Amino acid sequence: MLFLTIWLEVTEDRRIGYNFAPMKINQITDSNLKDVDFNQLDFGKTFSDYMMVMDHDGHSWSEYSIEPLKELSFHPAMSVFHYGQAVFEGLKAYKLDNGKVNIFRLHDNLKRFNKSAERLLMPQIDVSQALDAVKKFVELQREWVPNRSQGSLYVRPFMISTDNTLRAVPSKGYKFVVIACPVGFYYSVPLRVMINKQYRRAATGGIGYAKAAGNYAASFYPSNQAKELGFDQVLWTDITDDFKLEELGSANFFYVKKGVLYTPKMRDSILNGITRNTVITLARESGMEVYEEAISADRIKSELAAGEVDCLFATGTAAAVTYINELMIDDQLFKVNSDTYAPIVQIKLDLDDCKFGLKNHDEWNVWV
Ligand code: PLP
Ligand code: COI
């Protein structure tokens, strides 16, 4: 019977194309779980018991190793500290009331990880092995996945360059690490956002589409200025004099005008958000018209001034669907009751159902 169960699991995994990851697991002796209040989770501050690590020596990857979470120690000349070869991903595991856990769209995050790595001349990971490894990593820590009313388990894979040299050359060695945090809800109230025409987050031909650490570093100074003016986020624009809308610091941008959904067309200075793609799919399935197009700051400004905008919102793994109720453009503040616009309120609920595997999109689910 036991044999049959194992065999069934193996055949089921093969059917959906898993390639089993070579792995060693070093068990913890004492869990930190008892110290965590799952009803008071600040984003990114509480870490689960384990980390998963794999090293690249310039030729090939080692096996995966799941180990108790601990500090890593590095030489001060380590390449990432100086030249910033660092990429990451963010994805979430959700727990249903029956205890089953769904890692949402893991395949897509791993594929995007490789795109980011390629742009920074870092090694590729084997997606199907990484999928198997992350699945095992989450499985081992399923008790760390909050329940639906509390939040989710945020999983953060990242890769850094590890050669100890001050030569400004690509590293040969790399470390791939996965850590996880039980998290609550990132934004609890609608946002106040501003367009800042003085700064850009990314440029055409640059690394904006990669989930590279440097993109976030570049956004902090202007984002801090926005905070000092009372805004939560900057809505970034492209480098042209049209100031075409791009995205927020950690989320993609959408708005609804006269019942039609618009979002900036993908380009190499924008992160191709997985939540963005999910929302576009769900909106189209709900019968909404969706356009991905170039949207200048002047265009949305005149649409807002004409009272044509029904809803503004941002999408992301951490942000989910977060409403934007205030948008400042050129010293003019526009207010929109985004959080009461019923069609998007419904899409937000549908998105939530998808994450818990309750919609008809099994291709997005990795069950643990
Ligand atoms: N844009 C940026 C800059 C982000 O950091 C994120 C978050 O991951 C997103 C967009 C949204 O992407 P996703 O929906 O894949 O999380
Ligand atoms: C995510 O939504 O996964 C992100 O990467 C946002 C993060 C920068 C907080």
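Okay, let's start at ligand 2: around it sit Phe-43, Phe-88, Gly-90, Tyr-154, Arg-156, Tyr-186, Lys-211, Tyr-216, Ser-250, Thr-317 and Ala-318, where a residue counts as near if one of its heavy atoms lies within 4 Å. Before I go on, this is a predicted model, where local features need pLDDT of at least 70 and side-chain atom pairs count only at pLDDT 80 or more, while totals for chains, interfaces and linings use all residues. Bookkeeping: residues are numbered from 1 along each chain as its sequence is written, chains are lettered from A and ligands numbered from 1 in the order in which they are written, and side-chain values use heavy atoms, with hydrogens and water left out.

Now the oxygens of ligand 2. A polar side-chain atom of Lys-211 is 2.6 Å from one oxygen atom. From the backbone, a polar atom of Ala-318 lies 2.8 Å from an oxygen atom, and an N or O atom of Thr-317 lies 3.5 Å from an oxygen atom. The cut-off for such a polar contact is a pair of N or O atoms within 3.5 Å. As for area, ligand 2 taken alone exposes 280 Å², and the protein buries 88% of that; that's Shrake-Rupley with a 1.4 Å probe.

Next up, strand S8, residues 174-183. Strands, by the way, are DSSP E runs of at least two residues, numbered from the N terminus. So how enclosed is S8? Largely, because 10 of its 10 residues are buried, meaning under 20% relative accessible area with a 1.4 Å probe, protein chains only. Tyr-174, Phe-176, Val-178, Ala-180 and Pro-182 point one way, with Lys-175, Val-177, Ile-179, Cys-181 and Val-183 pointing the other. In a regular strand the side chains alternate between the two faces of the sheet.

S8 has antiparallel partners. S7 (residues 152-161) is joined to S8 by 10 bridges, with Leu-153 opposite Pro-182. S2 (residues 50-56) is joined by five, and there Val-53 has Val-177 as its bridge partner. Pairing takes at least two DSSP bridges.

Last stop, Leu-327, in strand S15 (residues 320-329). Leu-327 counts as buried because its relative accessibility is 1%. Its contacts (heavy atoms within 4.5 Å) include Val-193, Ile-300 and Phe-334, leaving out residues up to four places away in sequence.

How values were computed. Helix = DSSP H or I, 4+ residues; strand = E, 2+ residues; numbered from the N terminus. Buried < 20%, exposed > 50% of the residue type's maximum accessible area, 1.4 Å probe, protein only. Polar contact = N/O pair within 3.5 Å; in protein donor to acceptor, adjacent residues only side chain to side chain.
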